[in-house]
Every structure is written in structure tokens, then in C-alpha cells.
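Subject: Structure for your review

Dear colleague,

Please find below the structure that I am passing on to you.

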Amino acid sequence: MDSNITEQLQLTLEAQRRAFMAAPMPSAEVRRERLTRLRAMLAKYADEITTAVSQDFGSRSPRESLLADVFTCESGAKHAIKQLGKWMKVRRIPTALQFAPARNRLMPQPVGVVGVISPWNYPIYMALGPAIGAIAAGNRVMLKPSELTPITSALLAKMVAEFFTPEEMTVVTGDANVARIFSSLPFNHLVFTGSTQVGKLVAQAAAANLTPVTLELGGKSPVVVQADADLAQVAERLAYGKLLNAGQTCIAPDYVLAPKAMVEPLAQAVLANMRRMYPTITGNADYTSVATQRHLDRLQEIVADAEARGARVLKSHDDANDGRKLTPHLLLNVNEDMRVMREEIFGPLLPIVGVDSADEAIQYIQRHERPLAMYWFGRDSAGRDKLLRETHAGGVTVNDCIWHIGQEDQPFGGVGASGQGAYHGIWGFNAMSHLKPVFHQTTLFAGTKLFQPPYGAVFDKMLSLLRKIA
């Protein structure tokens, strides 16, 4: 069985590779036309996408899917179309004085075939987002969406087959075994979004082929609240960032570090905002379900573990369970022995930890793996800058949550355990291009002959001169 899957995937890859070699440097017009087709595809299937995602999750607001899965891709593609001419230009690079009048140039060149393995939480955006960078860079694309959202993955395969030839972009569906085989293919670049644990396996598989990888992983993204922060504003923005997609977001706020005196009023304000945004959980079409029963069971076990170990658990609503819709929980009096503080949460649970100082918050973050995102709320720019200097995170939003991911002119990526590499905008274009350095020597320049053997006094003088001016 594995041999059949491997053979089919290899044939698909070879077909794309042959097509790429027949046209290894697509023009800007060709790339724009492909990106325009992608936008047309999204426009045609937007309603079906929202239906499919909701069916896979059990329930997800169509508006949330339109914002987080459809609009994000439309915006990324539009940005790439607009900027493509600038990105594709051969770039002027300074040339050292001793090599004048020669010149340096940097030539962006497509790498070939890019593989994308995407997760279930944003099943369209996390598949097509990296694909936009790959297409803009002039590459062919193979997508492997998640088996945990089978209806959306099947729809994605249908959409792509209608708007793209298999040699341009194709979708490979199947279970985790297909993903494992997919990751072992000799792509020219591989993008993976998912857990740190699986990311390590993907990186190992890619390493066998020396395939460059972009890994967008996760981790426990902290929120640091300073004493001078606007509590009402923090609570509102924190509640939104936590409950978008019911917390099933790789950059969702995972835990809060706040002054001890603020913990109780902040918790009550967050709960109030959760109730304002979602007056009920039961029957509320705006509130997203936990995507799988296994994930729901895990989240409930995390709450039970925290409560058994002495945490104070605050529920936002008294509603009974509604399918896989999990009522939001805040957890106070937590400690690092609890699962909620050891595992990435990926759901509507939010621990709030009291600290004595901003320095204690920084030290807490420094002791743990580097997260994909970090959030800071406050007015004191000195405190903000100290946090930014002394901690690491893939990206940061100041005085809000989530929104740094929407910046097409900024890179999106992780650091350390939360990933490597980045994409979005020109960063995705560069990641999926080979930036080829080219040194143009003038035919009139004869100076390099002075460095050729046989070596002697002339060589010594020239080298001595170079060492002085370099």
C-alpha cells in the first residue's frame, strides 16, 4: 500500500518538475494570472468553504471562516499581485572598491516544486497562504491538507483541480501516513504548519533529501500585562484573541502574566467580555466548536488536572455542553506542574498568573521554549522595549492580540521550538526563491591577473594594498 502511495506522489512530483523545467522562469504576467485565478477560485467557492469548514468542525461561524480563511488568502494574493514586479527585479548589491568597476547583482529565481503540509485549524488559509508565496516566486505547488478536516480538504482538491492544471498546483488528500510519505519527497522547498512534535519528524524526513523547510509550529504564547495597562481594553482584546476559532489558533494567547493585584479584576473583566461577545454558548452560531472529540477530551482533561491540583476554575457561562462547543474557562492559582502550564492549550482555556514585577514576567518567559507569538499591554515604552529586547518570540503584537499575522509587509514565522523560516509578502517570495548572487566582471579589467601564479613581489604588494583598503 505504501509503495503505491509513494509511486503516485513521486509521479505527481515528477510531472510538476518537468513542467517547471520547461518554463523555469515564469514571467510576471504568468504569475499574476495564476494568483488572479486563485482569487477567482476563492470568490466562487467562498460560501461552500464556510459550509465545509463548519461541517468539519461541528460548528463554525461562516463570518469567522470568511475573515480568517477566505479574506486572508484574498488579501495575500492581492498584495502579491501588486508587489510582484518589484519583488522579481534583479537587485543591485554594493560592490567593494577593490573590485570596481565590476558590479554585483542578486537574481531571484524560482526553486522548482514547493510542498505544503497544512493543519486543520484554518484549513484554507494555512494551505493557500504559503502557496501564494510559492506561486509568486514562480514555483509549482503540491498541497497536503489535514485529514482531520476531510470535507474541507476534499473541497480544496476540487477547487484547485478546477482552476489549476495538475502541473501548476495540485492537492493530495489522505491520512497521516500519506502526510508522512509526502514529507519524505524530494521537494525543492517544504512548508509545514503544525505541532512542534510533528514538525521535528517533518524536518528529519526533509533532511534526508536536503530539502529546505519552513516550519510554522506553536508553543505557549504569553501575554504580559503591565500595571499601567488599560484593564478594560486588555480584557476586551484578550477575550477576542483567545476565543477566535475557540482558541484553536497557533498564535492564540496561551497564558497571561499580570501583576498580582490585577489578576482578579482582569479575570472578571475578561469573563464579562466573553459573555458580551457570546451571550450564550449553547446554540450560538458565532461560537466555534472544538474540531474533534479527541481534542475536546484532551481540553477537559487539562481542566480536570488543574482543578485537582488546586487551580481555581472560572467558567464564562453556565450553559450545558452543546456538542463539541466547550465553554470558555479561566484558570487562576495555577502552577508549572499542571498540564495547562506545560502543554500548548489550543482551546478556550486561559490561565492568568500573578507576578510581582515585570522582571519576573520576563524571567518566566526566558525559562521556557520560545513561543510563536507574544503579546504586551501597557503604556510604559521602556517596559515594552525591555521585554522585546530580553525575550524571544516569532512575532509580537503590542496592546492587542493576533493582528501581527495580518501584516503582509512583515514576516510571519517562529523561532526555536516554535519554528524556523518565515513567509507572507516578500518574505514568502524570498523563502521560496533562490536569491542567486551574480558578479559581473568587466572585460576591460585586468587586475585579477596580478593575483595569478607565479607568485612573487607583485602579488605581495597587491595583497598588502588590499588588506589596507578592505
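**Pockets and their linings**

In the second largest pocket, α3 (62-88) and α4 (125-136) each contribute at least two lining residues; helices (H or I, at least four residues) and strands (E, at least two) are DSSP runs, numbered from the N terminus. The model is predicted, so local features need pLDDT of at least 70 and side-chain atom pairs pLDDT 80 or more, while totals for chains, interfaces and linings use all residues. Residues are numbered from 1 along each chain as its sequence is written, and side-chain values use heavy atoms, without hydrogens and water.

A pocket is an open set of points on a 1 Å grid over the protein atoms alone, where a 1.4 Å probe fits, with protein on both sides within 12 Å along at least five of seven lines; lining residues have an atom within 4 Å of a point.

The second largest pocket is lined by 17 residues, with Ala 68, Thr 72, Trp 403, Ile 405 and Gly 406 nearest its centre. Helix α3 provides the largest share of this lining, five residues.

The largest pocket holds about 1,500 Å³ of space, a volume being the space filled by probe spheres set on the points, which are joined across faces, edges and corners. Its lining comprises 48 residues, and Gly 194, Ser 195, Thr 196, Gln 197 and Val 198 are the closest to its centre. Among the elements that each supply at least two residues of this lining are β6 (189-193) and α10 (293-308), while α7 gives the most, with five.

Yours sincerely
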